[in-house]
Protein chains: 2
Amino acid sequence: MKPSIPKGTRDFLPNEVVKRKYMFSVVESVFRKFGYLPIETPAMENLQTLAGKYGEEGDRLLFKVLNNGDFLKKADTEALSNMDSAKLVSSIAKRGLRYDLTVPFARFVVLHRNELQLPFKRYQIQPVWRADRPQKGRYQEFYQCDVDVVGSKSLIYEAECVQIYDEVFAKLKLPVLIRINHRKILEGIAEVCGIADAVSAMTISIDKWDKIGREGVGGEMQKRGISAENAKSVLSLISQDDFLELASALKPSETGTLGIHEVQEVMQYVAGSHLENEFRFDARLARGLDYYTGCIFEVESPEYASGSIGGGGRYDDLTGIFGMPDIPGVGVSFGAARIFDALEQLELFPDDLQFSPRILFLTIDKESMEYVFGIVSRIRKAGISADLYPEPIKLQKQFKYANALGVPFVAVIGENERLHEVFALKNMSTGHQENVNFDQLLKAIHII
Amino acid sequence: MKPSIPKGTRDFLPNEVVKRKYMFSVVESVFRKFGYLPIETPAMENLQTLAGKYGEEGDRLLFKVLNNGDFLKKADTEALSNMDSAKLVSSIAKRGLRYDLTVPFARFVVLHRNELQLPFKRYQIQPVWRADRPQKGRYQEFYQCDVDVVGSKSLIYEAECVQIYDEVFAKLKLPVLIRINHRKILEGIAEVCGIADAVSAMTISIDKWDKIGREGVGGEMQKRGISAENAKSVLSLISQDDFLELASALKPSETGTLGIHEVQEVMQYVAGSHLENEFRFDARLARGLDYYTGCIFEVESPEYASGSIGGGGRYDDLTGIFGMPDIPGVGVSFGAARIFDALEQLELFPDDLQFSPRILFLTIDKESMEYVFGIVSRIRKAGISADLYPEPIKLQKQFKYANALGVPFVAVIGENERLHEVFALKNMSTGHQENVNFDQLLKAIHII
């Protein structure tokens, strides 16, 4: 039997795991500094918790876990006799795999409300599963990385989102552009353009700006029933790069003006903190999701590619769907897969991630191997990773192994080295070789 | 709708996640030092890969993932009309959730054989899923933590297993007893006791020693068809605490003597490395699993509780089931949940895991809050975690929040502090309070 793995899933080899660990450790160190704490939720949630939360498309893409035991016993007999798969599901599968981190977080907040102090600041880095058709760069299992604070309306948290984005990407050495807008500004624009009843159609259209451009957005709005004239006014307002001009145009709208004031306050908070990346207001930023109600954010890396590598915003009501209304919050997420790709493409992963031992010992004979085992143990005790090839086979083969592992140092030990307690230490990147004693060896391979 | 999570699954709150991260980071740091590299496999495997690998019981406990879309279209119609759940499964679910880390690792080795250098040293720390009936301390989703090397028969890897156990538990400050035995020694014992054809019955019986004791094991052997006299000889041999005496008793058995020599060689390797925990041979150690063929290990923590917190051993053929024979290996696993419990019970988690910010600022008025936001940003820039309460509500309430978070330091800021640029810094564990300037504050809250 030839083994395989399910379409759309991946194995991760050591150098990928090590790089991803590096990436998440940078992200986590920033989250922790800002007072966000890690939580984890189970991979399986009750289907009741997940169903209906991601639209029709989402429901279809949920992975459902078959009930154990004699699941047909409680199966919906009508659905069975009609061979109606969709209708049968809920009677034979009561669990599903996590589809994102937001719904499980909302469920978590409600379930643990008596154990949590509000405002509750959490981050969560876990895989999610979606039965999307697999294609290049799109997988059925992938990591998400979210940071949110719930239980406060304070705008300092919007400022924190910006600071967190800035610091994470500064630490990763990936230059980014962070954009901010406000849903109420978009509402205000709709109001002053006379299409208050078509905010949603307008927002959905604007959300496509990066893909279809100004003309395209104009056409999209008209396709969605907004008159050519009104669409033109919208386009003119969202193209306004002067924030104060826009503010003045929105004066007639109370909602729009509230949005303007909130963005200004966030800008003020952020102003004191010397960002290392570009941060700017952009009225053309819309974000697809319905549930945002305040500031929205998006971050991209122009050097890498167009398109977002992260986004988020404020929502008024995270947990209402689970019977606990009026818990506002704000948060952003990091597009782990795209950020990983960007770091890879721009060669920003540190050279010294050290996914192989610092030194590999090769031996000429069995006695040397036994001798070297003791040496390796001593090096490890000194806190340095080290290893030996486990058989005194042909040196050429042992060197091949050393090369494949990518170890920075190699030492060959035979009778001579053993008797004189010296090590023929070879630096694998420079090719330089010298005889050293144990202390010199430790010093040479030690990471500064 | 009141939310809940599936029976047998858990949410992890911040202080649990932080503790688990600490535990695994200790484990990982040791693995890495010994040259083991991390891999990850997908949560879902093809059911074909998993089925039949864990016995009948295991097959029943596998979580199966329902095929997406109109799964009934390809359903086994005969099974459907017979309402035969067991028979229907394979036609409506082609994926299952990972049940352990061993089978996926074997599948991984075969699938990636051209990318791997043998000997391949890997570790893997990921959750697994089992549809076990939930009960205290038994969950349907839990972490496993395995370290293995495949592609070599060298006994230095057995020695490494012992050293790894020793160093991990030394670093965790959890004193343990590491025991070693050898499957060939057990075979030898069976041989010299005249029950060479009943090794398996003997091994299964001995495996229960910790639970049912000497008498019980004797009875168990007889129940399994071993004569009272032979059972007595077995009991006498496995109770032999003098290794050399046992060796001499096994002289007539070639297999048994081979086992003795291998254990001796491992002992020799280990002897040079000054273990911090007790390590000893124990002929009463049997291990349940069939696939072990050489040394076997088990580790327990007498101060915590009886029973194993880890175990493992050598196997001759990991990947034969996937069509790639003769890949030997050896590895051990760490019982993450029990080790976590032991660390909790014996209060061995470090005090300074710091799952809350070092300092929380409380404010008297809105102006102070805005001022403090800048201060907090500066502290974070200095690499120290810090936070502020986001509203100038009643101080008592803000202090309650500080207490709940468990922050080590609190500073209250009002107009006076703001104008004089001083901070009323309170050490929350000693109750000591003093006025300090910014630099003094940084110094006071910095972790040494």
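Reader: Hi! How many aromatic pairs are there over all chains?
Author: Hello! This is a predicted model, and the count comes to 36 aromatic pairs over all chains.

Reader: Nice. Can we look at one? How do the rings of Phe108(A) and Phe120(A) sit, stacked or edge-to-face?
Author: Their planes are at 15 degrees, with the ring centres 6.3 Å apart, so the pair is stacked. Planes under 30 degrees apart count as stacked.

Reader: And where do Phe108(A) and Phe120(A) lie?
Author: Phe108(A) belongs to helix H6 of chain A and Phe120(A) to strand E5 (residues 120-129) of chain A, so the pair ties together parts that are 12 residues apart in sequence. Both Phe108(A) and Phe120(A) are buried.

Reader: What about the rings of Tyr291(B) and Tyr292(B)?
Author: That pair is tilted, because the planes are at 45 degrees; the centres are 5.1 Å apart. Tyr291(B) is partly exposed, at a relative accessible area of 34%, while Tyr292(B) counts as buried at 7% relative accessibility.

Reader: Which residues form one aromatic cluster?
Author: Phe31(A), Tyr123(A), Tyr165(A), Phe169(A) and Phe334(A) form one.

Reader: Let's switch to chain B. What is the order of the strands in the open sheet?
Author: The order is E1-E5-E6-E11-E10-E9-E7-E8, 8 strands with mixed pairing. Strand E1 (37-38) and strand E8 (278-281) stand at the edges with a single partner strand each, so one side of each has no neighbour in the sheet.

Reader: How many residues of strand E11 of chain B are buried?
Author: In E11 (residues 329-334) of chain B, 5 of the 6 residues are buried, so the strand is largely enclosed by the rest of the structure.

Reader: Which strands does E11(B) pair with?
Author: Strand E6 (residues 141-150) of chain B pairs with E11(B) in the antiparallel sense over 6 bridges. Strand E10 (residues 308-315) of chain B also pairs with E11(B) in the antiparallel sense, over 6 bridges. Asp148(B) has Gly331(B) as its bridge partner in E11(B), and Gly311(B) has Ser333(B).

Reader: And what pairs with strand E7 of chain B over 6 bridges?
Author: Strand E9 (residues 292-300) of chain B does, in the antiparallel sense, with E7 covering residues 177-182. Arg179(B) stands opposite Glu298(B) in E9(B). Helix H13(B) packs on the sheet, touching E7, E8 and E9 of chain B, and its direction makes about 145 degrees with that of E7(B).

Reader: One more: how do the axes of helices H8 and H13 of chain B cross?
Author: The axes of H8 (residues 183-192) and H13 (residues 254-271) of chain B come within 7 Å and cross at roughly 145 degrees. The crossing of H8(B) and H13(B) is left-handed. Residues making the contact include Lys184(B) and Ile185(B) of H8(B), and Leu258(B) and Val263(B) of H13(B). By class, the contact of H8(B) with H13(B) has 4 nonpolar, 4 polar and 4 charged residues.

Notes
Residues numbered from 1 in each chain as written. Chains lettered and ligands numbered in written order. Predicted model: local features only at pLDDT ≥ 70, side-chain atom pairs only at ≥ 80, totals over all residues. Heavy atoms only, no water. Axes fitted to C-alpha atoms, helices over the stretch in contact; angles between N-to-C directions. Helix = DSSP H or I, 4+ residues; strand = E, 2+ residues; numbered from the N terminus. Left-handed = near helix turned anticlockwise from the far one by under 90°. Contact = heavy atoms within 4.5 Å. Nonpolar A, V, L, I, M, F, W, Y, C, P; charged D, E, K, R; others polar. Buried < 20%, exposed > 50% of the residue type's maximum accessible area, 1.4 Å probe, protein only. Pairing = 2+ DSSP bridges. Phe/Tyr/Trp six-rings, centres within 6.5 Å; stacked < 30°, edge-to-face > 60°.
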